[in-house]
Amino acid sequence: MTETTQTQMKPPGGAKPRSPEFRLAADALRGLRQDLFHDAFAYRPLPRMRVDGPLTRRLPERVREHAAWTPHAVVAACGLLAMAVASTANQGGPGIGSLVPSLLALLPVLLTLVRPVGAFWFSMAATPFVVVFSDSWGDWPWPPGAFITHLVVLTVVALRTRPRTAAWMWVLTALYGSAAETVFGSGHYATDSIPLLFLAALALLLVTVLNIRRTAEQEVTAQQSETAHERSKRTLLEERTTIARELHDVVAHHMSVVAIQAEAAPYRVENPPPELEQAFVTIRENAVAALTELRRVLGVVRAADYEAPDAPQPTLADLGALLANVREAGLSVEKTVTGAVRELPQGVELSAYRIVQEALSNTLRHAPGATARVEIGYVLGGLGLRIVNGPAQTTTLVKSTHGAGHGITGMRERVTMLDGEMTTGETDDGGYEVTVFLPVPLRAAEETG
């Protein structure tokens, strides 16, 4: 028997549950306090403009250094404009009656460069003082200088904060204008609150659209970077898996040969001594044990449906067929071999073949119509490869991946696993070059040669 007890959740402390309207109002007041009161005069200097854009990076070096201060110059120019308007709008002529409105028009605008939210409060607080020095027949409650100053301050602060802060500033400006007209507007014939609110709404709307677009672009860029990083990691893992499989096949082949030869060797000698038989038995057992252990360790990289290739792995001797294949695909390629041609370890031969194959595939994809050349050099201590192609002769809509391509990543991974060296880059004529050196230990060269 199951007993079910229903418990009604109550707010902590026994408080009464609040209505949705009350919670909405509380959240709004909390947002107001956070946006315009919390650290209102915090020091937040306006950063310099980036000069790596499509237009600014074409400027001369000396001009580009000064161009970084363009936003600061624009704000200062707006402040001087507001100051000039405030000075000329005063009917009292030069003196304290002109100086005070001029300074109160300039300082809030300049303050937006270092303390944006504080500049908004400064502009709001300065407006009543400017009214004292203005003509009662003039604009009310925003004298001309204060009108421009407050409009500039709203725009700059909105650019430097988030859209919610801009909305709160517009609401407070409307409340101030309504209160001033209601309480002190009896002696004035016209009001300019509506024009100010209309222009401010247009400016804040434009700024909000720009902020949303900038945020969206940043998010898209971050997602693209993350996607490219994940794709690169996946390609690297897939290439490592392929290399591990191929190395396993190479080593497994040799270990199997060793085990078979060790098992057959005693039968090729007439009346072999027991010590010799035991030595071959030990060799065979060790070879089988090593082969089993190798398969167990590398088994994690084999897919469930992986099947070992029936055909032997390609070597440099198979390059002729590879070049004939790419020629049929439209790539004009020639091969040059220097040095004493000799058989190299199978891992080196296989990696060299794959590198040439990948480089020629990249040429087909990214340089249609170009010619290519494969240079193979057998030198003391290793094997040198150079695959170079000319510039594309026809345009292609496929975006080039030179410099960040996954084929390059796979080639570099093969070279690294063999302790080799690899360089890639564009040639002077607009083509591309891949240069590789794969070292071959002397002992391994003697065994294979």
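**Notebook: salt bridges**

I looked up Arg 373 and found its side chain in a salt bridge with that of Glu 375, at 2.8 Å from N to O. I take a salt bridge to be a side-chain nitrogen of Lys or Arg within 4 Å of a carboxyl oxygen of Asp or Glu.

The model is predicted, so I note that local features need pLDDT of at least 70, side-chain atom pairs count only at pLDDT 80 or more, and totals for chains, interfaces and linings use all residues. Residues are numbered from 1 along each chain as its sequence is written, and side-chain values use heavy atoms, with hydrogens and water left out.

I checked accessibility next (buried is under 20% relative accessible area, exposed over 50%, partly exposed in between, with a 1.4 Å probe and protein chains only). Arg 373 is partly exposed at 29%, and Glu 375 is partly exposed at 26%.

Arg 386 is partly exposed, at 24%. Shared partners join Arg 373, Glu 375, Arg 386 and Glu 433 into one network of salt bridges.

I also looked up Arg 50, whose side chain meets that of Asp 52 in a salt bridge of 2.6 Å, N to O. Arg 50 is exposed at 64%, while Asp 52 is partly exposed at 42%.

My count by this rule is nine salt bridges.
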